[in-house]
Amino acid sequence: MEPPRPQPATKPKSLTGVPPRLVVTSRRARVLALRADRWAAKKAAAQAALAVAEWGYPLLDEHDFLKTVHSLVDAAVAAGGKRVSVHLADQDDKILVMALNHQASAQDAAGAGPAEVAVLRTVDACGAHTDHDGHAWWALLDARPQPKKRLA
């Protein structure tokens with residue numbers, strides 16, 4: 001049995017005064033902050049790949065991962081706002097990728113996740129939601145996918 005993972009000693013603080021809803025504990029996580037411009041998706045994909053490479057997932061489909069990050073960040077930039085953040089976390093051989101545009105509007109919803117992400121082989125689930133932090137697009141990737149079956 002694995003020993004319990006330590007919990008943070010203090011609660012996370014927010015620069016806006018609103019307590020953060022997304023709190024990742026007891027697992028590896030990384031947050032990338034970027035200006036919402038036409039280069040954001042390319043920068044985010046490169047930085048995310050470096051971050052996840054440190055976590056040691058040799059079977060992670062690099063194409064699917066990069067396409068996912070790129071598409072989610074493109075959706076966040078297209079929805080408006082001045083900045084985008086990419087949140088990465090892992091657990092049980094799964095990697096969560098979430099892009100937020102920090103531009104919440106009561107009239108707008110995040111819309112569906114990008115269709116090109118949903119069809120990727122190693123994406124287990126994807127979606128979008130809106131809350132006080134803004135619009136978010138997310139995907140859960142299988143970092144140890146089963147090998148493709150060969151037809152005889």
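Of the 152 residues in this protein chain, 35% count as buried, meaning under 20% relative accessible area, while exposed means over 50% and partly exposed lies in between (1.4 Å probe, protein chains only). This is a predicted model, where local features need pLDDT of at least 70, side-chain atom pairs count only at pLDDT 80 or more, and totals for chains, interfaces and linings use all residues. Residues are numbered from 1 along each chain as its sequence is written, and side-chain values use heavy atoms, leaving out hydrogens and water.

**Overall layout**
- The chain has 3 helices and 5 strands; these are DSSP runs, numbered from the N terminus (helices: H or I, at least four residues; strands: E, at least two).
- Along the sequence, they follow the pattern β-α-α-β-β-α-β-β.

- Beyond its neighbours within four places in sequence, Leu88 touches several residues, including Ala48, Ala51, Val52, Phe65 and Val97.

**A look at helix α1**
- Ala40, Ala41, Ala44, Ala45, Ala48, Ala51 and Val52 are buried in α1.
- These residues sit on the same side of α1 because they cover an arc of only 135° around the axis, taken from the directions from the helix axis to the C-beta atoms.
- Lys42, Leu50 and Ala53, on the other side of α1, are exposed.
- The buried residues of α1 pack against β1, α2, β2 and β3.

Terms used. Contact = heavy atoms within 4.5 Å.
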